[in-house]
Amino acid sequence: MFARLLPAAVNTRPAEWSRAAIGMAFGTLLSVWLCAQVFGMEVALHLLGPLGASAVLLFAVSSGALAQPWSIIGSYLCAGVIALLVSRVLGRTLGSACLAAGMSVVLMCWLRCLHPPAGGLAMTLVLSDPASIALGWHELGAVMLGAGALLTCALAYNNATRTRYPKGLSESPAVVLGGAPPATDPTITAADLKLALADMEQFYDVQPTELEQLIHAAEGHARRRSIGEVLARRAA
């Protein structure tokens, strides 16, 4: 039981840690600086927390679904609109801030742009500083400017440092319907997946044991699909 409480080993080298850390620091600095030039330093610093949290995802875990471009742009837009609406209707209280965060999560899930820092952004916008409150709906412009600048930095820096971003949908391999049966491959285990993750030298927000369960489940579905295709051809 106590062993399960220990953190799993990180499957990346220190060089990748340094790459992600430098990108996160410079990306956050540039996005906050740009926001400060347009809307003022007080407004920009109020957005520092959510932007810094987003930068960790965009630079350190860029392969994850929560770190893709639509995730940050869509989530920041959802959180900004809902937070400003809730603050105008219910006022700027702790309860309304938590309600705005919860409503933002529902909308993000519906629009398929879930991004954890946006939940904190919604609370931050409801409990804003006087300078941000004075902006009114223009505060949404500051939010989107910061998100857009951070995303631009992630696109440029990740690809410049040989980390493909954003991650595209992988194409499914062609299914062989006839001919000789394929050679039997050895069963993939969690240890094999851990070694493969180490070879890729990138952060992946998933554990090898979870990947192993996913692969075995997919193999079961593939076997059932293959059997169904064979029976359908025989019936025809």
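Student: What share of the contacts with a separation of 6 or more comes from residues 24 or more positions apart?
Tutor: That share is 75% in this protein. One caution: the model is predicted.

Student: How do you know which elements make up the chain, helices or strands?
Tutor: The assignment gives eleven helices and zero strands.

Student: Why is Phe-59 called buried?
Tutor: The cut-off for buried is under 20% relative accessible area. Phe-59 has 1%, so it is buried. Across the protein, 35% of the 236 residues count as buried.

Student: What does Phe-59 touch, leaving aside its neighbours within four places in sequence?
Tutor: Its contacts include Arg-19, Ala-20, Gly-23, Met-24 and Gly-27. Leu-150, Cys-153, Ala-154, Tyr-157 and Asn-158 are also among them.

Student: What makes Phe-59 and Tyr-157 an aromatic pair?
Tutor: Ring centres must lie within 6.5 Å. These are 5.8 Å apart, so the two rings pair. The structure holds one aromatic pair.

Student: Why is that pair called edge-to-face?
Tutor: The planes must be over 60 degrees apart for that name. Here the angle is 65°, so edge-to-face applies.

Student: Which parts of the chain does the pair tie together?
Tutor: Phe-59 lies in helix α4 and Tyr-157 in helix α9. The pair therefore ties together parts 98 residues apart in sequence.

Student: Which residues touch the most other members of the largest nonpolar core?
Tutor: Leu-47, Leu-58, Phe-59, Ile-72, Tyr-76, Leu-121 and Leu-150 do, in a core of 37 residues. Two or more residues each come from α2 (14-39), α3 (41-46), α4 (48-60), α5 (69-90), α6 (94-110), α7 (117-126) and α9 (139-160).

Student: What makes α7 mostly covered?
Tutor: Eight of its ten residues are buried. Among them are Pro-117, Leu-121 and Val-126. The buried residues of α7 pack against α3, α4, α5, α6 and α9.

Student: What covers the buried residues of α9?
Tutor: The cover includes α2, α3, α4, α5, α7 and α8 (130-135). Leu-150, Cys-153 and Ala-154 are among the buried residues of α9.

Student: How does the reach of α5 compare with the expected span?
Tutor: α5 has 22 residues. At 1.5 Å a residue the expectation is 32 Å, and the reach is 31 Å, which is close. Helix α9 also has 22 residues, and it reaches 32 Å against an expected 32 Å.

Student: Where does UniProt place the feature "transmembrane region"?
Tutor: The unreviewed UniProt entry gives residues 20-40, 73-90, 97-115 and 135-157. In the model, residues 73-90 are 100% helix, with end C-alpha atoms 26 Å apart. Residues 97-115 are 74% helix, and their end C-alpha atoms lie 17 Å apart.

Student: What makes Arg-19 and Glu-16 a salt bridge?
Tutor: The test is a side-chain nitrogen within 4 Å of a carboxyl oxygen. Their closest N and O atoms are 3.1 Å apart, so the pair passes. A search of the whole structure finds one salt bridge.

Student: Why are Arg-19 and Glu-16 about one helical turn apart?
Tutor: They are three residues apart in helix α2, so about one helical turn separates them.

Student: Why is Arg-112 called exposed?
Tutor: Exposed means over 50%. Arg-112 has 73% relative accessibility, so it is exposed.

Student: Which residue just after α9 takes a positive phi?
Tutor: Arg-162 does, at about 65°. With 79% relative accessibility, Arg-162 counts as exposed.

Student: What kind of peptide bond joins Tyr-165 and Pro-166?
Tutor: The bond is cis, with omega about 0°. Pro-166 lies in the loop between α9 and α10 (190-200).

Key:
Residues numbered from 1 in each chain as written. Predicted model: local features only at pLDDT ≥ 70, side-chain atom pairs only at ≥ 80, totals over all residues. Heavy atoms only, no water. UniProt positions renumbered as here; feature names shortened; annotations may be inferred. Helix = DSSP H or I, 4+ residues; strand = E, 2+ residues; numbered from the N terminus. Core = buried A, V, L, I, M, F, W, Y, C linked by side-chain atoms within 4.5 Å. Buried < 20%, exposed > 50% of the residue type's maximum accessible area, 1.4 Å probe, protein only. Contact = heavy atoms within 4.5 Å. Phe/Tyr/Trp six-rings, centres within 6.5 Å; stacked < 30°, edge-to-face > 60°. Expected span 1.5 Å × (residues − 1).
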